[in-house]
Amino acid sequence: VILLYAREHPDEHDSSWVAWGAAEFLLSNHPEARSLRQRCTFLIIPLLDPDGAVANQYETDVIRSFDDGPETKESGLVARRLRWWVDSGNRLDLVFNLHNVESGEGPHLFPYMDDPDRAPMCEALHKSITARASDFDIGGSQDSFGTFSTRLGGWLRLYFGTHMTFYEVNSQAPRRHLSLYELKALGVGIVRGSAAHLHAAEARDLLREIAGHRRGRYARWERYGWLPDRQY
């Protein structure tokens, strides 16, 4: 299962177009789209903070209110929905947190290694995406700055063992500007590359680690007599 969400920073519009392109492709009748739907489940949030987007704000309370922070209505709803998803027996393997930078700050797409403990896994995933987005200027990974559990992706990593990758998008990269059509095509490259990665040998250790995290979580809850159907 792959979760892709955009606009944690509400005014970073490029990321929504990438998410839209991913969803549009996956819902199409293209043979590869049908194959991807059979191999993976995709959860897509094209606009995480719509109220902040309407107000044209860069950052709101929603961004830092998932773990050990003041919960907002929006973050509470998203968190409970995703917890319900996992506790109903569904997987949650990869999470993409999409942002965008200013014109001169980087190429069309590049990741930050948000999780130092999984740096090799991050590199393998990025290599798979790069191979399937060859029409774009793809940059290498930037220095890791740690996992923030107050953000959605970091919270999912902390509680469910999910692998989270933080990607920057840039439609106005110095060497070539992208049209909206091309931004959407970049989303296609991300879903193709991430699905291929999950089915490759390089991802086996990651999937085992995530499954072990889930088993440990359920074991702790069972110790206290908790069952998912009672919680929801």
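Helices are DSSP runs of at least four residues, numbered from the N terminus. The legends below describe close-up views of a predicted model.

**Figure 1. Lining of the largest pocket.** Helix H4 contributes 5 residues to the lining of the largest pocket, the most of any element. The elements that each supply two or more lining residues are H4 (73-87), H6 and H8. In total, 18 residues line the largest pocket, and those nearest its centre are Phe66, Ala79, Arg83, Trp155 and Tyr159. The space within the largest pocket amounts to about 320 Å³. Its lining comprises 7 nonpolar, 4 polar and 7 charged residues.

**Figure 2. Contact of helix H6 with helix H8.** The axes of H6 (residues 152-160) and H8 (residues 204-223) come within 8 Å and cross at roughly 70 degrees. Angles of 65 to 115 degrees count as roughly perpendicular, and H6 and H8 are therefore roughly perpendicular to each other. On the H6 side, the contact involves Arg157, Leu158, Tyr159 and Phe160; on the H8 side, Glu209, Ile210, His213, Arg214 and Arg217 take part. By class, the residues of the contact of H6 with H8 are 4 nonpolar, 1 polar and 4 charged. Tyr159 of H6 is also among the residues nearest the centre of the largest pocket.

**Figure 3. Open sheet of 5 strands.** The strands follow the order S2-S1-S3-S5-S4, and their pairing is mixed. Strand S2 (42-45) and strand S4 (109-112) stand at the edges with a single partner strand each, so one side of each has no neighbour in the sheet. From one strand to the next, the twist averages 20 degrees.

**Figure 4. Pairing of strands S4 and S5, and packing of helix H6 on the sheet.** S4 and S5 (residues 163-169) pair in the antiparallel sense over 4 bridges. Within this pair of strands, leucine 109 stands opposite valine 169 of S5. Helix H6 packs on the sheet and touches strand S1 (2-6), strand S3 (94-100) and S5. The direction of H6 makes about 155 degrees with that of S1.

**Figure 5. Lining of the second largest pocket.** About 270 Å³ of space lies in the second largest pocket. Its lining consists of 14 residues, of which Asp11, Glu12, Asn100, Val101 and Glu102 lie nearest the centre. The lining of the second largest pocket divides by class into 2 nonpolar, 6 polar and 6 charged residues.

Conventions:
Residues are numbered from 1 along each chain as its sequence is written. This is a predicted model: local features need pLDDT of at least 70, side-chain atom pairs count only at pLDDT 80 or more; totals for chains, interfaces and linings use all residues. Side-chain values use heavy atoms; hydrogens and water are left out. Axes are lines fitted to C-alpha atoms, for helices over the stretch in contact, and angles run from 0 to 180 degrees between N-to-C directions. Angles under 35 degrees count as roughly parallel, over 145 as roughly antiparallel, 65 to 115 as roughly perpendicular and the rest as oblique. Contact means heavy atoms within 4.5 Å. Ala, Val, Leu, Ile, Met, Phe, Trp, Tyr, Cys and Pro count as nonpolar, Asp, Glu, Lys and Arg as charged, and the others, Gly among them, as polar. On a 1 Å grid over the protein atoms alone, a cavity is a set of points where a 1.4 Å probe fits but cannot get out, and a pocket is an open set with protein on both sides within 12 Å along at least five of seven lines; lining residues have an atom within 4 Å of a point. Grid points are joined across faces, edges and corners, and a volume is the space filled by probe spheres set on the points. Two strands pair if DSSP finds at least two bridges between them.
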